[in-house]
Amino acid sequence: MKALSLAAGAGFVVFWSCGFIGARWGTEYATAFDLLAWRFLAAGAIAVVVLAVRRPRISRRDLVTQVLMAFLTQFVYLGLIFTGIDHGITAGVTALIGSLQPILIATVAGPLLGERVSRGQWLGLFLGLVGVGLVVADDLNTAAPLLFLLPFGGLLGLVAGTVLERRRRPSTSSLDALAVQSITSAVLFMALAASTHRLTVPNQPAFYGAVIWLVLLATGGGWGLYLVNLRLSGATRISSLLYLVPPTTMVFAFLLFHETIGMLAVVGMLICAVAVLRIRIGEQVRCGDGGTPVAEPDRGPGLARIHRGSARSEQPDRAAVATRRGHPAHVLRDSRPAVRGAGQPAADE
């Protein structure tokens, strides 16, 4: 599970960064609404085929959750982010505003999600914020201050969607969830583009290259792995990976658009890497069903834990207690199970 978590995290950073590259590429030929409408029209068509083949059974509650997720994390987030870029806010500044998400998620993770954020992780969160600030320090422009409310509003949508998913814990598989969200976003963005008279049919082949890029890499890879990581690692740790997105995007921009990378940005990249490593040290790995984390060995006094789906049992470890009290004979004679009541819910769930 550790290897799966690391691979999913690395893939998420790469594919999520591709979204910024695709946004720059596509908005050279059309407006943000037009680009998003075509992106999700293509993604939604693929999603219809996926659902028709798989025919999943999705409960009404989970369906409502996925529709709300699409509205918050795609329609609100991407709509405002792309609009900000379309109005002159650079990708670097947008990434800087997006880097506030880990701090916001960590702030609400305890009260709303029950996810404990350690002091070391708080240190890593603020360290990553410093690193991202260095990466984009030279990219600030003189855009109208009110325009910065666009990406910040999009950020709040992504935070709200992340918290919603962790609170409701839908049982829908990541593939089916992505399909439902893509269809929902297609309807929303097509309606928005048509109502604002911005739905066009561009005649530049490069535009459709950008659409394919966004569908395959950003939607399929980025959003798909976002849902996978959310279930594997939790809200705080998946958000911390966003610290690696701005420097990764800069590397892609250097390779594809020949943009230069300054020494300050290189230092920021290194700080971001250290920050994410610090946050993810000793992370818990969640079960594939998105249920209770598989707890690491508890070094507390005499406590044994097991995982059964979304339930966890805690009973005194008699062997540890006996050893601590200096009665090894008791350990040899006691043949009763060390852990009972696997079906009982944990106190913290």
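## Salt bridges, rings and helices

At 3% relative accessibility, glutamate 165 counts as buried (buried means under 20% relative accessible area, exposed over 50% and partly exposed in between, with a 1.4 Å probe and protein chains only). Before going further, know that this is a predicted model, in which local features need pLDDT of at least 70, side-chain atom pairs count only at pLDDT 80 or more, and totals for chains, interfaces and linings use all residues. Residues are numbered from 1 along each chain as its sequence is written, and side-chain values use heavy atoms, with hydrogens and water left out.

Back to glutamate 165: its side chain meets that of arginine 166 in a salt bridge (3.1 Å, N to O). The term stands for a side-chain nitrogen of Lys or Arg within 4 Å of a carboxyl oxygen of Asp or Glu. Side chains of opposite charge can pair when their charged atoms come close. Searching the whole structure turns up two salt bridges. In the other, aspartate 176 meets arginine 54 at 2.6 Å, N to O. That pair links distant parts of the chain, with aspartate 176 in helix H8 and arginine 54 in helix H2, 122 residues apart. Helices here are DSSP runs (H or I, at least four residues; strands are E, at least two), numbered from the N terminus.

| Residue | Relative accessible area | Class |
|---|---|---|
| Glutamate 165 | 3% | buried |
| Arginine 166 | 3% | buried |
| Aspartate 176 | 5% | buried |
| Arginine 54 | 41% | partly exposed |

Now for helix H2 itself, which covers residues 32-54. The expected span of a helix is 1.5 Å times one less than its number of residues, so the 23 residues of H2 should span 33 Å, and the end C-alpha atoms are 32 Å apart, which agrees. Its buried residues include Phe33, Leu36, Phe40, Gly44 and Leu51. What do the buried residues of H2 pack against? They pack against H1, helix H3 (60-86), H8 and helix H9 (205-233).

Next, the rings. The structure holds 13 aromatic pairs; rings of Phe, Tyr and Trp (its six-membered ring) pair if their centres lie within 6.5 Å, with planes under 30 degrees apart counted as stacked, over 60 as edge-to-face and the rest as tilted. Phenylalanine 12 and tryptophan 16 have ring centres 5.0 Å apart and planes at 45 degrees, so this pair is tilted. Both lie in helix H1 (residues 2-26), four residues apart, or about one turn of the helix. Phenylalanine 12 is buried at 0% relative accessibility, and tryptophan 16 is buried at 7%. Ring pairs also tie Phe12 and Trp16 into a cluster with Tyr77, Trp223 and Tyr226.

Glycine 19 is in helix H1 too, and is buried at 12%. Beyond its neighbours within four places in sequence, glycine 19 is in contact (heavy atoms within 4.5 Å) with Phe82, Leu214 and Ala218. Glycine 19 and tryptophan 213 are 194 residues apart in sequence, yet 8.3 Å apart in space, C-alpha to C-alpha.

Finally, threonine 172 sits in the loop between helix H7 (149-168) and helix H8 (174-195). Is threonine 172 buried or exposed? Threonine 172 is buried, with a relative accessible area of 5%. Residues touching threonine 172, apart from those up to four places away in sequence, are Ile58, Asp62, Gln66, Ala177 and Arg231.
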